[in-house]
Amino acid sequence: MGKLINIDNGGTLTDICVMDGAQVYRTKTLTTPFDLSKCFFEGLVKVSSQIYGKSDIVSLLSSTDHIRYSTTQGTNALVERKGPRLGLVLGGTLSAAGFEDDPLHTALFADLVGERIATLDAGLDDAAIEPALVDAVNRLASAGANRVVIAHGGPDRLAAEIRLKKILLRKFPQHLLGAVPILYSHEVVQDDNDVRRTWTALFNAFLHPAMERFLYNAEHKLRTHKAQNPLLIFRNDGHSARVAKTIALKTYSSGPRGGMEGARALAAHLGLQHLVSIDIGGTTTDIGEVRDNSVREDARGQVEGVEVSFPLCNVVSVGVGGSSVIRARGQAIQVGPESVGSAPGPACFGLGGTEATITDAFLLAGLLDPASYFGGELKIDAERARKAIATHVGEPLGLDVDVAAAQMEAAWVEKVAAGIRAFTTVTPDTTLAAFGGAGPFVVCKVAEAVGASRVLIPGLAAVFSAFGLGFSDIAHLCEAPLDDSADLDAVRQDLLKRAERGMYGEGFALSECTLEWRVRISGADRDDCLPLGDAVPAAASGETRTLQLQVTRAIAQPQLRGRFNGTQVAPRSDVRRRVRVGDAHADLPLYRVEAQPAGARAAGPAVLEEAFFTCRIDAGWSFEVSDAGDVLLTRE
């Protein structure tokens, strides 16, 4: 078996994880938002140097079976509202009031579409619809729209949108219209719920441009470097597929879903019934849940509280991370959602950033060592951090810098904890799983704030979402409506042909795949997926049925090892670190994870550190290291 490469692109850092049998190589590189392919290949170059002792990206790629890639760029783009200006043309039973007057989502609609909306009269004949449609598109473009979504409501939705598409292709040929692409809702998904389908198309249009440019560019560069297999995009549904077979919306929160797949595998391995994961990166904290070996998922996914047409992992993204901007607002401290990302980054990075972040606060608290941070590859400056905190937090609130840094930590912890409390209920059976570059930092305080007494820090915590991508197979879901007049055999044959074409595009024959047939029944109070037996399950009046075919091709996945509760031994520590604890500083023992023997156990207060993460073990907590390098924190 060849190597497996997993890459998770975050807002601040890009993580690379290479598995070669039982050996795992990992590294990080600063995300380059101006050209994501740059950090993509910088990471491959760095990890190839670990493997071969010198940069040799061709040897790495030519010996690799699969490259799985995920990104939080879509999540971050929506959190920060950085994307194209959308225009929306509505027809049929859809009207502007259905979106502008929605009390739950008015602000989101205003951010994505605003006043760039036009409505077509459904009663217009062929002679009148053409000038009305052309006028609508022109008005939206003049108002600043650089992508236009067209959605028609009612039973004739498909035929109506096809009719509008033909008109626009005739009036605006592609070589003239290219500056303002037009997306038709039925081309994204065929969903009878018109509002949900329209939101799905809007989100997809918002996420599509940057994803398309980067992914095809990266795939082209991989081919020029002798990659043996195509780039696989890891999706929010937990599966992977080629770039050309993946729509943009399914990459939303795909990075966090990678962490959830890793969490699911680790929970099953360790026998944990309820695992709540907090994946804290530079821009967001992604909170998910595994219960009884199943990842929490919605049959109709939620994007910022809006229901979409696709199933999505139920991961909530809170605008708080290691690079979140922290500043005084009146007499309070505001954390995020704005982030400095990796460019310019926290003030202490010395890359031009002047805003205060929690990374700056942790540096002043002594948690970070300028000599070892980021594996010693990034030199951080305490004076820049001190100046940023004084300017944006200390002076406005009349606080000493050290006190300001402590209050920044408290505000940051509370925002993470509030996200967990809003997402799920913590019980005595709950284990928090803390990963991502900033996840372990002060996780004891986060756990105390939500009432958890057990925390798991995976051995690959800093790149755990990247590692989790490896637990995916190549899969596609084909769907078709199934009304009372439908010929079941004909629908099945159509789906089989579509599945065959889809997997042929992935390089596999249908005979190599696993097929799963389901019937989805949807209505006002129901949304169920049932296995297809000898007969199609009945639907009540007002409910719709959809036949689904899930086709899956299993590919290589990593193997987990390591256990807790074995023989306990003394930990190894020959250094101490001066860290602020409460209102004073203390010299605490520093335990390097890589140096600990299996079964090492000690009580806090202490500092636990490895190349890419740091964790403060507070008083009342102890830690245990497994033979795989995973760490279990327990509150006494």
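**Helix packing and the core**

Analyst: Let's start with helix H6 (residues 126-142) and helix H7 (residues 157-171), which in this predicted model pack at an angle of about 70°, their axes 10 Å apart. That angle falls in the 65 to 115 degree range, so H6 and H7 are roughly perpendicular to each other. Their crossing is right-handed. On the H6 side, the contact uses Asp 126, Ile 129, Glu 130, Leu 133, Val 134 and Val 137; facing them in H7 are Arg 163, Leu 164, Ile 167, Leu 168, Arg 170 and Lys 171. Sorted by type, the residues of this contact come out as seven nonpolar, five charged and no polar.

Now over to helix H13 (residues 382-397) and H14. Here the axes come within 9 Å and cross at roughly 75°, so H13 and H14 are roughly perpendicular to each other as well. From H13, Arg 386, Ile 389, Ala 390, Val 393 and Gly 394 meet Val 401, Asp 402, Ala 404, Ala 405 and Met 408 of H14. That contact splits into seven nonpolar, one polar and two charged residues.

Ile 389 turns up again in the largest nonpolar core, which has 101 residues. It is one of those with the most contacts inside that core, along with Trp 412, Ile 420, Val 455, Phe 623 and Leu 633. Helix H14 (residues 401-423) supplies the largest share of the core, 11 residues. Take Ile 420: leaving aside neighbours within four places in sequence, Ile 420 is in contact with Val 276, Ile 278, Ile 287, Val 426, Val 446 and Val 450. Apart from this core lies another, of 33 residues, including Leu 108, Ile 117, Val 189 and Leu 312.

Methods. Residues numbered from 1 in each chain as written. Predicted model: local features only at pLDDT ≥ 70, side-chain atom pairs only at ≥ 80, totals over all residues. Heavy atoms only, no water. Axes fitted to C-alpha atoms, helices over the stretch in contact; angles between N-to-C directions. Helix = DSSP H or I, 4+ residues; strand = E, 2+ residues; numbered from the N terminus. Parallel < 35°, antiparallel > 145°, perpendicular 65-115°, else oblique. Left-handed = near helix turned anticlockwise from the far one by under 90°. Contact = heavy atoms within 4.5 Å. Nonpolar A, V, L, I, M, F, W, Y, C, P; charged D, E, K, R; others polar. Core = buried A, V, L, I, M, F, W, Y, C linked by side-chain atoms within 4.5 Å. Buried < 20%, exposed > 50% of the residue type's maximum accessible area, 1.4 Å probe, protein only.
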